[in-house]
Every structure is written in C-alpha cells, then in structure tokens.
Amino acid sequence: MSCEPWQCAEIAATKKANPIVKPEIAAAIIKKASRTLLIVGSGATESWMEGKQLIEYLIDFANSSKVPVVATAHMVGEFLKRGYQPAGFMSAMDIGNRVVDPEWKGLDGKGRYDLVIFVGLPFYMEELILSGLMHFAPDQKTMTLDNLYHPHASWSFPNATLEVWATNLKVITSKFEGGQ
Amino acid sequence: MTTKNVSVKIDELKTSNSLIKNLQVSIGKVVDQNYAEPMGPTPMPSLTALRDWDMKLLTKYKPFYMPDCDLCCLCTFGKCDLTSGKRGACGLDIGAQSSRIVLLACCIGAATHTAHSRHMVHHLIEKYGSRYPLDIGGLNIKVEAPITRLVTGIKPETLGDLETVLEYAEEQITQAIAVAHTGQEGNNLDFESKAFHVGMIDHLGMEVGDIAQVSTLGFPKAEPEAPLVQLGIGSVDISKPVIMCIGHNVIPSVGIIDYAKDHKVDDKIEVVGLCCTAHDITRYYNRGRIVGPISWQLRFIRAGFADVVVLDEQCVRTDAFDEARKVHAPVIAASEKNCMGFKNRTEDSADEIVFDLVSGKVPGVLILDPELVGEVAVRVAQQVAPLRKKMKNLPSLGEIKQLAKTCRQCNMCRRSCPQDLKIPQALKAAAEGDLVPLTDLYEYCVGCGRCEEVCPVKLNVHSFILKAGEKFMMEESNLCRIGRGAVQDVEIRNVGSPIVLGEIPGILAVVGCSNYPKGGKDVYDICREFASRRYIVVTSGCAAMTAGSYRNSEGKTLYEEFPGGFEAGGVLNVGSCVANSHIAGAAIKVANIFAKRNLRGNYEEIADYIYNRLGAVGLAWGAYSQKAAAIAAGFWRLGIPVLVGPHGSKYRRMLLGREDKPENWEVYDARTGNKVNVGPAPEHLFQTVETPQEAMVSIAKLCIRPNDTWKGRSIKLSHYVDLHKRYYGCMPQDLHLFVRTLADVPVTLRDEFGKILEAHDWKETVIPDPTLLPRMIRKVKD
C-alpha cells in the first residue's frame with residue numbers, strides 16, 4: 001500500500017488526502033455524512049475483480065447505502081442494463097461544476113452534499129476535478145473509492161491491488177446492509 | 001491594398017541657429033485601401049476592444065478551474081501556496097492564476113503560428129516579391145481572407161499586404177504576453193478575455209500563413225476533389241533513400257523537393273512527412289507521403305526507415321536527434337526556433353556539409369537556407385542509405401522475451417504512462433513467451449517514451465511495443481485527402497441556408513493532435529458517424545491523418561467513402577495546422593456570403609451571428625499543445641463550442657454553461673427587443689468529454705442553436721435522441737429545454753417527447769431572431 005499519487009508526476013502541494021487505511025473508516029465517514037453523492041466514471045466497466053466488474057460492486061454499494069449515483073459519460077446505459085437507475089447522469093465536468101457551486105441544491109433540490117465520492121474516472125480527470133474542488137470548494141469533503149491514491153481528495157485509499165480493492169468495496173458495502 | 005512607408009531622411013540641414021545631420025524620420029505606413037465595404041466598429045481591435053463581447057460569453061459560460069499545480073513559481077517572491085483561497089505574494093488568487101496559465105498557453109500557441117507565418121511570408125516575399133498576388137481559389141473565392149477582413153479591416157491582395165496584418169498580430173501577442181507579468185492583470189475574467197483575444201489573433205496568424213503558402217506554392221486552391229495521398233509507413237517505398245521531414249513549416253521540405261526534381265532524382269528518393277509538414281508536403285508534391293501524426297516520431301525513427309531526418313519547427317521531439325543518432329541517420333535542423341545545439345553550417349558549401357554528415361564526422365547540422373537544406377538532404381540520403389541499410393533500433397522478439405524476464409514488476413512504467421497501459425502485465429506475459437499483450441498495446445500507445453525513462457532496469461519498453469506491433473506498423477497503408485485549403489464561396493452559398501436554418505444538422509470540425517485516450521479509431525468512428533448523418537465533417541492536422549487511417553467493411557477509407565466538398569455528408573481535409581483558419585473562415589463566410597453581414601472590422605456582430613445561428617462544433621479528441629489551446633480560444637470568441645477528449649482536461653479550465661439555470665439562456669429577439677429564453681443552445685463553450693460515446697451525444701446536442709427553424713430543430717433533436725438512446729440507453733432528460741413549439745418535436749418521437757414535456761410542465765415559446773447585442777434590436781413598432 002502506498003500513498004504516493006498513482007501517476008508519478010501528480011505531486012500534491014501543501015494539502016494531501018488523508019489515507020483510508022481500513023475500509024471501515026470509509027464506511028464510518030459515509031455514515032457520518034448527512035448527504036452523500038457517488039460519482040461513477042467510465043472506468044466502472046473496465047476493471048474486473050474476482051470475476052465481477054467494478055460497476056457491479058458499486059451497484060451493490062449504492063443499493064445497500066442508498067447513496068445516490070451520478071453516472072458520467074455513457075455510464076448511465078451501463079447502469080440501466082444492470083437494472084439500476086442512477087439518480088442522475090451528466091458529464092464529469094458538469095457534475096464537478098455543480099459540486100463546486102455553493103448555491104447548488106443537489107439532484108433532488110434538497111441542498112448541497114456534504115460528502116462527494118468519486119470512482120472510476122480516468123485518473124487524471126478525476127485528479128483535476130478533485131483539485132478544482134479542493135481549491136474552489138474548500139469546505140466540500142471528497143473521497144475516492146478507487147484503488148489509486150488521489151492526493152487532492154479529502155480521503156483516498158492508498159494504491160492497492162485488485163484483490164485488496166475488491167475486499168475494501170465488499171467491506172464498505174457490508175456496513176450498510178439495511179440502509180445508511 | 002497598397003501601403004506606403006513614409007520616411008524622411010535629411011543628411012544635413014543648416015538653419016539660422018542649428019545644424020542637423022543624419023536625421024531620419026519614419027511615420028509608418030499610409031494605408032490606401034480600395035475596399036468598398038464600410039468599416040465596422042472594431043478594425044484591429046486592441047486588448048480590450050471586444051471585452052464586452054467576451055464578458056457576454058463568459059457570463060453564460062463560466063470558467064470551471066481545475067488547477068494542475070497548487071503553487072505559483074513564476075517570480076522570486078514564490079513559491080506561493082495558493083490552496084484554499086490563499087493569495088500569493090503578488091496578491092493573485094488561484095482563479096486568476098489558473099486563467100493566467102490559460103492566457104500564457106494561448107499566447108505561446110498564437111506566437112507559434114504567427115512566427116511560423118512570419119517566417120513563411122518573409123521567405124516567400126524574398127522569393128516571389130511583395131507584389132505577388134494572393135490567390136486562394138481563383139474565381140471560386142472572392143472573400144479571400146475572411147478572418148483578416150473581419151479582424152483588421154484589411155482586404156489583402158498581395159504577399160506584401162500580409163506583412164501589415166502580421167505586424168498587428170505580433171503587437172497584440174506582445175501586449176497579451178505582457179498581461180501575464182507579475183503585478184499586471186488580477187481578475188480571472190479579464191485574463192480569460194485576453195485569452196480569447198489572443199485566440200482570435202492566432203486565427204489571424206494562421207490565415208496569413210496558409211493563404212501565403214497556398215498562393216505561392218501551387219497547393220490545391222479550395223479544391224473539393226483534391227487528390228488522395230498515400231498515408232502510413234506501409235505506403236513508403238523503403239527500398240529507396242528516405243528523407244523524413246518532421247514539424248510544421250514546409251519551406252525546408254520545398255527546398256528538398258525542388259532539388260530532387262531539378263536533379264531528376266525525385267523518383268529515386270522518398271520524401272515523407274510527419275505531423276503537419278506532411279500535409280503541406282503532399283499539398284506541394286504529388287510523390288509526397290504522410291507517414292503519420294506527431295506522436296509517432298519515436299516509432300518511425302527507431303524503426304529505421306529514415307535515412308535523413310529534417311527537423312523544422314513545432315511539435316518536434318526534442319530528443320529526435322538522440323534517437324536518430326542511434327540509427328545512424330543524420331539530422332538537419334532547419335529552423336531558427338529549433339537549432340538542436342548543432343553548429344550553424346548555413347555559410348558552408350554543400351560539399352563540405354555532405355561529407356561531414358555522410359562520414360559521420362558530425363551527426364547533425366543547422367542549416368537555415370532551405371535551398372541548401374534541399375541539396376544536402378538529398379545528397380546525404382542517397383549516400384547514407386546504402387551505408388546504414390535501414391538500421392533499426394528495435395530489439396528482436398527473442399531479445400524482448402529474454403529482457404522482459406528482468407522486469408521487477410515495480411509498476412513505474414504503468415504509473416508514468418499517460419494512458420495507464422498495463423505494461424507490467426504485458427512484460428510478464430512476454431517473459432513467459434506470450435507477446436500478444438505487448439502487441440495489443442501498440443494501438444493505444446501515444447509514443448511518449450515515459451515508460452523507458454522511469455524503468456529501474458532500463459528496459460526499452462516503447463521499443464518492445466513497437467517491435468511487437470511491427471507487423472501492424474508495416475501494413476499501415478491508407479489514404480488521406482490532400483489538404484484542400486479554403487471553402488469556396490459557392491459552397492457556402494449552397495449550404496448557407498440549410499445550415500443556418502438547421503436542416504443540415506451541423507458542422508463538425510475534427511481537429512488537433514493525436515494524444516488520443518485509446519488509439520485513433522475513435523476519431524474515425526466519430527467522423528464516420530456524423531458524415532453518415534449528413535453533417536459536414538471538416539478535418540485538419542493530425543486528426544485528418546488519423547481519420548484516414550481506418551477502413552470500412554468495403555475496404556474504403558473515410559476520404560474514399562465520402563465526398564470532399566463542404567456539403568451535407570462531406571468529409572473535407574482543409575490541411576495543416578495553419579489551415580484550421582479556413583474552418584473559422586467558413587463560419588465567417590456563412591455570415592457574410594449567405595447572410596450578407598458586413599465583415600470589415602465587424603467582429604462582434606459576426607460572432608453574434610455565428611453563435612446564435614451556426615450549428616458548428618469543434619472536436620479536438622487528442623489535443624495536447626498550446627497551439628491547440630489558442631485555436632480553441634479563437635473559436636470560443638466566435639461563439640463556437642469546442643470539445644476535447646479526456647486528456648484535454650489538462651488544459652485545466654472549462655467554460656461551462658449550466659443547463660439548470662434558465663436565467664443564463666436569455667437572448668434578445670432582434671425583432672421586438674424582448675428577452676426570450678432559448679435554452680442551453682449551445683450548452684458549453686469548452687468541455688472535456690470522457691468517452692467517444694459521450695463525444696457523439698455531446699456533438700449532436702451542441703449543434704443546436706437558437707435560430708433553428710422548427711424543421712431544423714426537429715432534425716437536430718432526432719439525431720440527439722437517436723445517439724442518446726444508442727449510447728446512453730435512454731431518452732435525454734433535457735428535451736423540454738430544446739422544444740420551443742410542438743413543431744420542433746420529431747414526428748416519430750411524439751409520444752416519448754410528450755411524456756417528458758408533460759413531466760416538466762413545458763410551455764410553448766417563440767422562435768426569436770436571436771442576438772446577444774442590444775444594438776442589433778430593430779426598432780419596436782408602436
């Protein structure tokens with residue numbers, strides 16, 4: 001496990017994400033948040049762990065935790081194919097641009113999210129959007145569920161193998177059985 | 001246009017109380033224009049002349065900054081930490097700093113194109129004279145330089161006239177760079193406005209360059225049926241000496257081709273190009289070949305095809321010399337901007353230089369005389385080819401399998417790869433004798449070589465990928481249409497009405513570099529999808545090459561499958577980087593030729609027209625450069641949205657509209673002065689798309705414009721819905737924002753639209769005569 005940015009040249013400056021050393025910590029942070037949003041990028045169908053695609057782990061998590069999902073790029077179709085209706089779909093830049101806006105009231109119009117979770121975007125895109133939020137929405141808490149360390153998030157898992165990633169996602173999901 | 005330098009020189013003047021000697025006074029130029037069109041309000045605009053227009057756009061499309069660096073280290077007060085709202089020692093915050101970086105990128109891009117054009121104009125005036133007439137398309141083109149007319153108010157007629165245009169452009173770039181100095185501009189939107197300004201200047205610089213070379217060098221002159229040219233290394237006869245020219249400035253290549261022709265050896269050597277020089281070589285020379293886009297420089301040098309490598313300017317790998325030396329290919333640097341540390345041999349005789357290069361006494365030379373470049377390159381290629389015998393710098397397949405066993409699986413190659421390619425896994429397989437995973441990387445590798453730089457056991461990973469994919473490389477033989485140059489006036493007349501009314505659903509410009517996220521096939525697929533839907537598809541630069549690099553089920557390339565005219569379903573390659581100006585030029589000409597709007601110094605009105613009426617979108621799927629940033633900025637100021645592929649997010653700033661904020665989408669109805677909500681049309685001005693599927697849906701949506709007739713809107717919505725259903729698996733949820741009257745709804749989709757309109761409590765609105773400019777409102781009838 002390493003807390004170096006996954007892409008070597010992506011050096012953080014004075015702020016660096018707190019490492020999530022155990023999946024239980026991620027689950028506790030999500031439980032503590034009152035309004036959480038999960039943003040899922042196009043990599044969700046590109047990673048396979050133990051014979052399952054990442055998107056399937058995320059659907060399990062979303063169903064358990066009831067955390068609403070925004071699908072970026074063409075991912076909405078991939079969710080629908082698997083019988084899951086995301087709360088919204090829009091481009092990664094659009095959702096980033098809404099999250100950074102202090103006046104945005106969320107997908108349901110009920111107010112801002114106090115925790116925004118990213119997973120599955122191309123590393124550099126996710127990194128840049130997290131940087132935008134770190135700088136321009138400094139009070140916004142962010143987390144990633146990737147197995148790649150993202151220094152610009154508030155919390156990030158360290159770099160990890162696919163096996164560890166699968167375990168982390170399963171443990172987080174298990175903490176929400178019965179709802180958030 | 002005629003210009004006069006007015007200068008007074010007095011050698012000696014005695015007056016009652018003074019003696020003046022050697023006095024020289026120059027008062028610049030007196031412009032004598034025979035150009036009947038009335039001058040608009042902003043000829044040769046200064047940095048702030050179009051600021052109000054920029055702010056109108058920037059209010060709708062607010063910057064979304066994503067800093068790539070938390071610090072500023074541009075002055076000695078720094079480094080300054082700008083995180084979380086902190087200001088630096090100069091008082092600048094991260095928003096302004098981010099926009100300052102955007103401005104600097106655009107300045108670099110604009111300076112690069114303009115300096116390129118300046119070099120060509122200098123050279124061509126020296127060769128052909130300043131009175132040499134400009135001819136862009138004979139009788140087919142009356143509006144020869146739409147950007148120049150629009151921005152400067154000048155109607156250039158001769159090569160010499162272009163110098164006045166360049167002087168203006170150079171001044172503006174200097175002013176804009178000055179803005180980026182510490183302690184100058186402090187507001188992010190003002191930085192953005194200046195980036196727009198420099199983008200406009202960039203288009204001007206590009207136009208000057210391309211019309212100069214089209215007029216003098218015998219390039220195709222706005223020819224829809226410009227010939228097809230061989231594309232790919234598989235099309236090169238490598239049994240002959242090969243001269244490979246890399247870069248963007250064709251002048252040294254012209255020297256090579258002319259020498260070869262004059263000495264009747266043009267059939268005995270191959271002159272091939274890589275990157276935009278390739279386009280311009282083929283526009284000049286029917287034996288020229290395009291070997292590929294910018295990112296393949298290492299590929300072609302290491303594969304040993306080139307007997308001489310000629311480097312001109314822009315996008316040249318700075319280690320090209322080191323790479324060429326490894327395959328014993330002499331290098332000729334031919335640009336003042338790119339001397340590569342070589343000794344300047346411009347004043348030496350060709351015999352001496354040829355001897356030194358062939359004997360290996362020196363591995364490379366700097367030659368700043370294109371004719372001398374020509375002679376040296378041809379003679380050296382002929383003499384070196386039999387000696388080096390296409391020496392490669394690639395390992396054998398057996399060596400790869402052995403060397404791969406030394407891989408430590410440290411993952412550094414993958415973590416340095418911009419594509420996150422699974423190199424460690426491929427090396428593991430190679431070590432076990434299976435080269436297929438390594439071969440599979442060939443298509444997706446952008447050729448940066450960073451994997452080799454970080455490898456702790458010094459494996460030449462990129463060479464492994466090239467060798468594994470060598471069979472594909474050798475078979476790459478496709479077709480590209482030679483860059484045609486400008487769009488004819490008659491073509492504009494033919495399509496002006498259906499474009500503006502929306503019946504041709506849009507113009508898609510697929511441009512830019514080759515930093516593709518997953519190979520080039522996406523470019524081909526996107527072009528083909530929209531050409532099949534009868535959009536007008538325009539290509540340029542590396543994207544134009546990539547578009548021609550794949551074939552359909554009948555074995556036809558895109559340029560064989562679709563016509564080359566500016567027409568519904570046409571796929572036209574305008575040419576090299578500087579030919580991008582013809583894409584902006586075509587948009588401007590629609591406003592001028594079809595809509596009869598005055599061009600001369602009338603930027604704001606024309607941009608307002610284009611923004612509200614012309615369903616045009618740029619897609620730079622693999623944009624990487626500062627030039628691409630400047631080109632995009634020029635389109636933003638014209639009100640034309642630009643999409644970039646995922647790597648384009650690294651431009652660090654998007655210009656995004658907010659579909660959910662109806663107050664952003666009001667325009668004036670020029671007929672009444674009333675404000676009308678026209679919906680998010682277009683939704684964004686600069687946007688990163690993550691996948692090709694998202695690109696296709698976004699392109700269709702971004703072609704929607706307030707001025708669409710109900711018929712045009714219906715056609716555009718049909719494409720948007722169809723692509724959305726295909727790639728997103730569902731109906732779009734924002735259709736109520738684009739339906740103004742029920743006539744806008746495609747007939748076959750009435751039921752599906754009906755549900756969405758009902759769910760959103762949709763109400764009918766009017767189709768306005770849209771404008772963002774209050775001065776365009778006609779007098780309201782009492």
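This is a predicted model: local features need pLDDT of at least 70, side-chain atom pairs count only at pLDDT 80 or more; totals for chains, interfaces and linings use all residues.
A crossover is called right-handed if, with the strands pointing away from the viewer, the path from the first strand over the helix to the second runs clockwise.

In chain B, strand β8 (residues 270-274), helix α7 (residues 276-284) and strand β9 (residues 289-292) form a right-handed β-α-β unit.

How many residues of β8(B) are buried? The count is 5 of 5, so this strand is mostly covered, given that a residue is buried if 20 or more other C-beta atoms lie within 10 Å of its own. In a regular strand the side chains alternate between the two faces of the sheet. Here E270(B), V272(B) and L274(B) point one way, V271(B) and G273(B) point the other way, and all are buried.

**A sheet in chain A**

Chain A holds an open sheet of 7 strands in the order β1-β9-β8-β7-β2-β5-β6, with parallel pairing. Its edge strands are β1 (18-19) and β6 (88-89) of chain A, each of which pairs on one side only. Further in, strand β2 (residues 36-40) and strand β5 (residues 69-71) of chain A pair in the parallel sense over 3 bridges. One place to look is L38(A), whose bridge partner in β5(A) is V69(A).

In soluble globular proteins, nonpolar side chains tend to be buried together. In this model the largest nonpolar core has 319 residues, and V309(B) and V510(B) have the most contacts inside it. Helix α2 (residues 94-128) of chain B gives the most to this core, with 15 residues. Leaving aside neighbours within four places in sequence, V510(B) is in contact with residues including V523(B), I526(B), L619(B) and W621(B).

**Helix α25 of chain B**

Helix α25 (residues 626-637) of chain B has 12 residues and reaches 17 Å from its first C-alpha to its last, close to the 16 Å expected at 1.5 Å a residue. Among the buried ones are K627(B), F635(B), W636(B) and R637(B). After the helix comes G639(B), whose phi is positive, near 80 degrees.

**Domains and the contact between chains**

Chain B is divided into domain 1 (1-32), domain 2 (40-217), domain 3 (234-388), domain 4 (397-459) and domain 5 (478-775). The centres of domain 1 and domain 5 of chain B, taken over C-alpha atoms, are separated by 53 Å.

Where the chains meet, 35 residues of chain B are in contact with 35 residues of chain A. On the chain B side, the elements that each supply at least two residues include β3 (62-65), β19 (653-656) and α27 (710-728). The largest share of that side, 3 residues, comes from α13(B).

**Backbone details worth a look**

| Residues joined | Omega |
|---|---|
| G78(B) and K79(B) | about 5 degrees |
| A681(B) and P682(B) | about 0 degrees |

K79(B) lies in the loop between β4 (71-72) and β5 (80-81) of chain B, and P682(B) in the loop between β21 (675-677) and β22 of chain B.

Positive phi values turn up as well. D420(B), in the loop between α13 and α14 (423-431) of chain B, has a phi near 55 degrees although it is a residue other than glycine. With 19 C-beta neighbours inside 10 Å, D420(B) counts as partly exposed. R652(B) is not a glycine either, and its phi is about 75 degrees. R652(B) sits in the loop between β18 (642-644) and β19 of chain B and is buried, with 21 other C-beta atoms within 10 Å.

Notes: Residues are numbered from 1 along each chain as its sequence is written. Chains are lettered from A and ligands numbered from 1 in the order in which they are written. A residue is buried if 20 or more other C-beta atoms lie within 10 Å of its own, exposed if 12 or fewer, and partly exposed in between; C-beta atoms are placed from the backbone. Helices (H or I, at least four residues) and strands (E, at least two) are DSSP runs, numbered from the N terminus. A nonpolar core is a set of buried Ala, Val, Leu, Ile, Met, Phe, Trp, Tyr and Cys residues joined through C-beta atoms within 7 Å. Two residues are in contact if their C-beta atoms, placed from the backbone, lie within 7 Å. Two strands pair if DSSP finds at least two bridges between them. The expected span of a helix is 1.5 Å times one less than its number of residues. Domain bounds come from an automatic or database domain assignment.
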